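Here are a few exercises to work through with the viewer open. Try each task before you read the solution.

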Amino acid sequence: MNATNPSQPPHSHSSPGSAGADAAASGAAFEDSRLSADERAHVEVRVLSQPRYLAGVREMMTALAERLGMGEGAASQVALAVDEALCNVIRHGYDQRPDGEIVISVWPVAETPRDGADRADSSAEASAMLIRIDDRGKQTEPERIRSRELSEIRPGGLGVHIIKEVMDSVRYEKRSGGGMRLTMVKSVWPSAEAGTGGRPSGGGRSGPESDGSNTSLHGAG
Amino acid sequence: MQIDVQDSSPDLVIVTISGDVDLSTSRELQGELRRVVANHPQKLIVDLSDVPYMDSSGVATLVETMQLARKGQTRLVLTSLKERVRSIFEIARLDSVFTIVDDLSTARSL
């Protein structure tokens, strides 16, 4: 199982990009035949830089996050972060061109449990979701990608702020083969206490067998 | 996304949006709201009760509308935000910048 191999990129703990530097340098998302099975993304989606596909990507990301154990609120935040990231790639990376390629890759991350968690075998469980978004668009120095001053009320510039606000870690880097890479991680754990609060379900994709799947993901305790 | 504009009176225009507001739909919304604000109604109510999702492009559209409305002496009121949509405004720290109310009747009475 992947969780037993600590050297693979997605399993770095709080800093997803550090162990993934090699993969980043190789621009792996577009050339993943060179990767071993452990390094390959569990889910990979290629999408063109067209806003009409955003809704479909959001639905998929929400469903995936819920399958990895997130609550509805956290899962919708993952979808929001990915949506905002894709918007930025479409607008700034590809200057609204409709033929730019974007690859979204997802890994479950196995981490040590937080304090007070009573997971029996946490090392084998997904405790976070790692998402990478690669493009071949214009490159920008990562330090120049900043959210704007929020006190300045004006349209635009909110996407990066939203991404940083809802995800636990966010890292931009230039891909050596061209384009940018965004790596984001969100922990699965807060979903347990956050709950769904009886909010009406937008996606309704958590599945009728959620009892069973939750048990297998969260452990028997 | 669908946009319904009720502008039977110069005093009050109600814009009701249905569907997700994201990068694929926000430009259409922007055009419609610009057109409405250009007529300088006294009050513009934007009903978001049927908007399950909004991203920053939708928020940016509403920020622009607010700024245009202020210039034209129009009072802008957002109403009936779903939790998920409201949270975007909170994350962007814009929830206190807009006038946001729970329901249409409150929006009308302001």
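A contact means heavy atoms within 4.5 Å. This is a predicted model, where local features need pLDDT of at least 70, side-chain atom pairs count only at pLDDT 80 or more, and totals for chains, interfaces and linings use all residues. Residues are numbered from 1 along each chain as its sequence is written, chains are lettered from A and ligands numbered from 1 in the order in which they are written, and side-chain values use heavy atoms, with hydrogens and water left out.

**Exercise 1.** List what B:Phe98 touches, leaving out residues up to four places away in sequence.

*Solution.* Start with B:Leu62, B:Val63 and B:Met66, which are among the partners.

**Exercise 2.** Find the salt bridge of A:Glu72 and say where each partner sits.

*Solution.* First, the criterion: a side-chain nitrogen of Lys or Arg within 4 Å of a carboxyl oxygen of Asp or Glu. A:Glu72 pairs with B:Arg84, N to O at 3.1 Å. Next, the location: this pair crosses between chains, from helix H4 of chain A to helix H3 (residues 83-91) of chain B. Helices here are DSSP runs (H or I, at least four residues), numbered from the N terminus. Last, the cover: A:Glu72 is buried at 11% relative accessible area, while B:Arg84 is partly exposed at 22%. Buried is under 20%, exposed over 50%, partly exposed in between (1.4 Å probe, protein chains only).

Definitions and conventions:
Helix = DSSP H or I, 4+ residues; strand = E, 2+ residues; numbered from the N terminus.
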